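Hello,

Here is the structure I promised to hand over. Please open it first, then read my notes below.

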Amino acid sequence: MMDSGSLADIDDEYEKLVIQLNPPRVTVDNTSSRKATLVQVASANRHGSLLDVVQVLTDLNLSISRAYISSDGEWFMDVFHVVDQCGNKIYDNEVIDRIQQNSCCSDQLSTFQSLSTRALSSRPLRRSVGIEASSEHTSIELIGRDRPGLLSEIFAVLVDLKCNVVAAEVWTHNSRMASVVYITDEVNGGPIDDSDRLAKVKRLLRYILKGDRDKSAKTATSMGVTHTQRRLHQMLYADRDYDKDDTDGEDAASDRSKPVVTVENCTEKGYSMVNLRCKDRPKLLFDTVCTLTDMQYVVFHATVIAEGPEAYQEYYIRHVDGSPISSEGERQRLILCLEAAIRRGNTEGVKLELCCEDRVGLLSDVTRIFRENGLSVSRAEVTTRGSQAVNVFYVTDSSGNPVCSQMIEAVRNEIGQTILQVKDEANPNSSTENTGKFSFGSLFRSRSEKILHNLGLIRSSP
């Protein structure tokens with residue numbers, strides 16, 4: 001009798017053969033719509049196909065204003081209406097080529113999927129992830145209870161251990177902090193591969209994360225790359241941030257801003273229908289599809305509209321075993337997880353952008369100044385472009401409330417007015433009214449949806 005590993009290998013080889021015989025087809029259409037560029041993708045279907053497509057478009061900094069997805073059977077066909085960050089159609093040939101090249105890449109016999117993404121999706125979420133080796137840096141994953149000054153302490157420890165931070169992303173949600181930090185050796189600029197040194201890094205960072213006995217704090221190190229935001233979603237999902245509620249004291253305005261998520265079963269078709277409405281923002285579709293995929297749901301049909309201040313998403317899903325949602329507990333868990341995914345991606349506080357010549361210890365110094373002036377970092381994106389550091393921080397006061405202009409100016413005076421710029425004021429949540437469930441059935445069908453309908457790939461009432 002074959003063991004489960006042998007069966008998995010056979011399934012994997014079969015999947016590769018199907019994709020090789022049916023390579024993905026990608027069409028970039030700038031004529032069918034006046035407002036957006038249409039990206040049509042057709043390929044052999046597998047679990048995770050939709051996420052891979054959305055991830056490619058999101059990583060190219062494209063906004064998805066509409067999407068129509070259908071993937072019944074062994075084939076999927078998706079249509080995405082995309083615009084650039086200024087809301088314009090895509091005419092840049094380089095961007096168009098990248099869409100087509102990334103979409104049609106078959107070097108690994110897999111659609112929109114790198115080795116690192118396969119590694120993420122095939123391993124248990126609660127374990128550290130083995131990643132393809134890289135000769136450029138070492139990555140560190142951190143998760144623990146958030147508190148004022150935590151980021152400053154983490155970067156200070158890395159400086160003391162002769163580690164240079166070249167990139168990082170930090171998310172906070174429901175009193176939890178998750179981050180992926182990419183470091184190099186301060187001396188030679190390469191990855192850190194000494195096991196004893198890495199063990200020391202992990203031990204000291206875990207000590208910082210535990211603080212006042214946070215037993216759930218975790219660290220992991222690896223050499224390689226991954227999709228950082230995908231990994232952060234997985235880390236917080238595994239940490240069960242969705243069932244840690246820190247909003248009890250919020251006012252009615254905050255309640256009105258809560259995402260509206262409903263889940264019900266379509267018994268006659270064997271689907272579960274998920275309706276979602278919330279304030280629109282960049283990468284919203286990626287966040288929700290990422291969560292559905294990581295929860296092992298398959299999207300068979302979907303309609304997405306995000307052409308105003310609000311975004312509307314409707315999904316017809318089943319579990320990977322082919323069954324719809326079967327219990328009230330599962331339904332409530334899916335609602336909580338989707339709400340958490342949306343909130344993770346929301347930005348709270350004043351947006352500060354730091355641009356200057358990079359140097360060892362820069363982040364430690366900057367975050368120390370934040371801490372000493374009573375600022376707390378709710379989100380951070382750290383990048384290095386050549387010799388320049390380009391870092392974005394969203395800051396609140398130590399209690400998570402908006403900061404006054406005097407606090408910001410004090411920090412800017414200490415760091416440098418030209419180095420640290422205020423890029424955006426605190427962005428209050430919208431006051432979306434909760435009016436219960438809704439459906440896209442009565443909304444206007446655009447040309448791309450009609451194409452799918454005429455091909456038999458979209459049903460009027462799936």
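Start with a charge over a ring. The charged end of Arg318 sits over the ring of Tyr271, 4.3 Å from its centre. Arg318 also lies over the face of Phe300, at 4.8 Å from that ring centre. For this, CZ of Arg or NZ of Lys must be within 6 Å of the ring centre and within 35 degrees of the ring normal.

A word on the source. This is a predicted model, where local features need pLDDT of at least 70, side-chain atom pairs count only at pLDDT 80 or more, and totals for chains, interfaces and linings use all residues. Residues are numbered from 1 along each chain as its sequence is written, and side-chain values use heavy atoms, with hydrogens and water left out.

Now the rings. The whole structure has 4 aromatic pairs. Rings of Phe, Tyr and Trp (its six-membered ring) pair if their centres lie within 6.5 Å; planes under 30 degrees apart are stacked, over 60 edge-to-face, the rest tilted. Tyr271 and Phe300 form a tilted pair, 5.7 Å centre to centre with 55° between the planes. Tyr271 is in strand E10 (residues 271–279) and Phe300 in strand E11 (residues 297–305), 29 residues apart. Strands are DSSP runs of E, at least two residues; helices are runs of H or I, at least four; both are numbered from the N terminus.

Why is the pair of Tyr271 and Tyr316 edge-to-face? Their planes stand at 75°, with the ring centres 6.0 Å apart. Tyr316 is in strand E12 (residues 310–319), 45 residues from Tyr271. Ring pairs link Tyr271, Phe300 and Tyr316 into a cluster.

Buried or exposed? Tyr271 counts as buried at 5% relative accessibility, and Tyr316 is buried at 9%. Buried means under 20% relative accessible area, exposed over 50%, partly exposed in between (1.4 Å probe, protein chains only).

Next, the core. The largest nonpolar core has 51 residues, and Ile317 is one of those with the most contacts inside it. Such a core is a set of buried Ala, Val, Leu, Ile, Met, Phe, Trp, Tyr and Cys residues joined through side-chain atoms within 4.5 Å. A second, separate core of 43 residues includes Leu142 and Phe393.

Last, the whole chain. The protein chain has 13 helices and 16 strands. Buried residues make up 51% of its 462 residues.

Best wishes
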